[in-house]
Structures are given as structure tokens and as C-alpha cells.
Amino acid sequence: MYKKLLCHCTHALFYHLPQIYKWLFKPYYILSTLMSTAFLILRKCPGLCENLNTEREDRNPCDFDWREVEILMFLGAIVMMKNRRAITIEQHAGNLFMFSKVANIILFFRLDIRLGILYFLLCIAFVMTCKPPLYMGPEYIKYFSEKTIEEELNHDSCVTWIVEFYANWAPECQSFAPVFADLCLKYNCTGLRFGKIDAGRYGEVVQRYKVSTSPLAKQLPSLVLFQSGREVMRRPMVDNKFRAVSWTFSEENIIREFNLNELFEASKKIKKGRGVKGEDQNSSLPDEGSEERQPEPDTPAESKKDQ
């Protein structure tokens, strides 16, 4: 059992090694790692730990006392529980960083109230000045605005849209960004399109489609399926108290709940039908040219992220 677990962890490490290597060049992850290990560094660093207080019987200030060990063990248990529902490595790292900082605040306040206040102020400054990096990988997504969303959704009744309502300040949306981008690269075609709209920026659109941006409602991100300009389904669903029903935004769940495989196959048939219609209209052209010519997809121009 332990060998299988070790092999699984080793495989996961090597699988995510290129992504971990890229993190080394991002200030957010470097500073988060230093902030999360601040108490460990202070307690174990020679020249600094000799001046710290301790409750150990041997009075060794450079080692953890029993209370600090309990706090660290409790931290590990909380992180393991939260990471059970984490999907991407960014979510795993985010949970680890967040709860490690909370544990560091408790440990520093317990050690010295002055160190606790200093570390707490550093955490506030870090949150206000250093934001998690946004996903900037490959994608084929239409970014809507308040003026374009209605026009695009109703432009062609044969096109099915999957639209994500997101906010840049929501960690869940930032973690979901690479998953949604991967789905659009696999399933985007003429009859199945993927779009996004910033719920934190366009308040009127959010009210129109009844998506709450309150952190208590937990409705961000929200995926809505539109056909012929009308909403067919959404995830997560909302209960009577306007709170989101718990749902995991994994690639497997989205493919299953939204029937992406079936939608993709139906969309390819639409594309073939348009291609046949185009050949009938251009029957006067030579056969060789008609065989080489492919119907151009009726897709609007894609816009980039507004950074």
C-alpha cells in the first residue's frame, strides 16, 4: 500500500514538474513559500533561534515544543481535508499557502506578540499588493462585454454557447481557468462555442442572468449552457436561499453534466451540413478546386484578456 502511494506521489511530482519549474519565476509563489515557512525558518535558523522563547524541558530554543508540533499536525490535517476536493495543482498550492499563513500567525503570536503583529501586517501587505498570476495559456474563448453578450448569443440559433461567469478576485475562478481553457481547446467548433464574461465588471449582465457575485453565495464560477440564445442549464445549481449547491468543477464532471461529447458530435454534423450547402452554391466551380476548398467556420473574432 505504501509503495503504491509512494509511486503515485512520485508520478504526480514528475507530471507537474514542468509547471512547478515555471512557478520559480513567479514572485507570487516565491513570496508565498517564504511567508508559509517563515516560522520554520526562524525556529531552525542558527543565530536567530537562540534568542527565542521555548517551553521544551531541555530548553532548546532551536526545536519545536509539543504545542507547536500539535499546531503543525493540525495544519497538515486541515490541508489534507481541503485538498480532497482540489482539482488543479494551483488549488492544492493555494490551500497549502493559505492555511500555512494562518498557522504562522498563531505560532508567531504564541511566541511573541510583537512578532505576531509584524507577521500579520506583512500578510495584509502581501494580500493587497501581490495577486495570484492569471492563466495566460492557449485558449479559444470569446470574452463578452455588456454590449456584445446578447448579440453573440442570439446571432446564430445553430450555435450552442457555454459561458463562464467569473471574477478575477475569486480564487476558485483563477483555479478553474486552465480547466475551462483545456475544454475549449478540445471541444470548440462551429456549432459549439465557449465564452466568458467578467461578473465583477458587468453588474447589469450578472443581474440579468441571476448570478450572484457575493462570496457567501459561492456562485462563482458559474457555467451556463445557452441554445438559441436561451439558458438551458447551469452549474452550480442554486437552492431556495440563492446559494450554490456544492459541485466540483472538474473536467470529467463538466463533460458528463453538459454532455459535451454529444454536443460536439451534433456540432460537427452542423458543420458538414453547411459545407454541403456551400458546395451546392458553388457547383459551377471546377471539381479540383471544390475538393480542396474547405468551408470557413462561422466564428466571431476572439478577443484577448484585458490585463
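Entry 1, terms. I take axes to be lines fitted to C-alpha atoms, for helices over the stretch in contact, with angles running from 0 to 180 degrees between N-to-C directions. Helices (H or I, at least four residues) are DSSP runs that I number from the N terminus. The model I am reading is predicted, so that local features need pLDDT of at least 70 and side-chain atom pairs count only at pLDDT 80 or more, while totals for chains, interfaces and linings use all residues. Residues are numbered from 1 along each chain as its sequence is written, and side-chain values use heavy atoms, with hydrogens and water left out.

Helix 3 passes helix 6 in a left-handed crossing (the near helix is turned anticlockwise from the far one by less than a right angle). On the helix 3 side I noted Y29, S32, T33, M35 and S36 in contact (heavy atoms within 4.5 Å), and on the helix 6 side E90, F97, S100, K101 and N104. By class, I have three nonpolar, five polar and two charged residues in this contact, where Ala, Val, Leu, Ile, Met, Phe, Trp, Tyr, Cys and Pro count as nonpolar, Asp, Glu, Lys and Arg as charged, and the others, Gly among them, as polar.

For helix 3 (residues 27-36) and helix 7 (residues 113-129), I read axes that come within 12 Å and cross at roughly 165°. That makes the two helices roughly antiparallel (angles over 145 degrees). The crossing of helix 3 past helix 7 is left-handed. Y28, L31, S32, M35 and S36 of helix 3 make the contact with Y119, L122, C123 and F126 of helix 7, and I class these residues as seven nonpolar, two polar and no charged.

I found one disulfide in the structure (a pair of cysteine sulfur atoms within 2.5 Å), formed by C49 and C62 with their sulfur atoms 1.8 Å apart. The torsion about its S-S bond is about 70°, so the disulfide is right-handed. Both C49 and C62 lie in the loop between helix 4 (38-44) and helix 5 (66-82), so the pair ties together parts that are 13 residues apart in sequence. C49 is buried, at a relative accessible area of 0% (buried means under 20%, exposed over 50%, partly exposed in between, with a 1.4 Å probe and protein chains only). C45 is in no disulfide, and its nearest cysteine sulfur, that of C49, is 7.1 Å away. I noted C45 as partly exposed at 28%.

Key: Angles under 35 degrees count as roughly parallel, over 145 as roughly antiparallel, 65 to 115 as roughly perpendicular and the rest as oblique.
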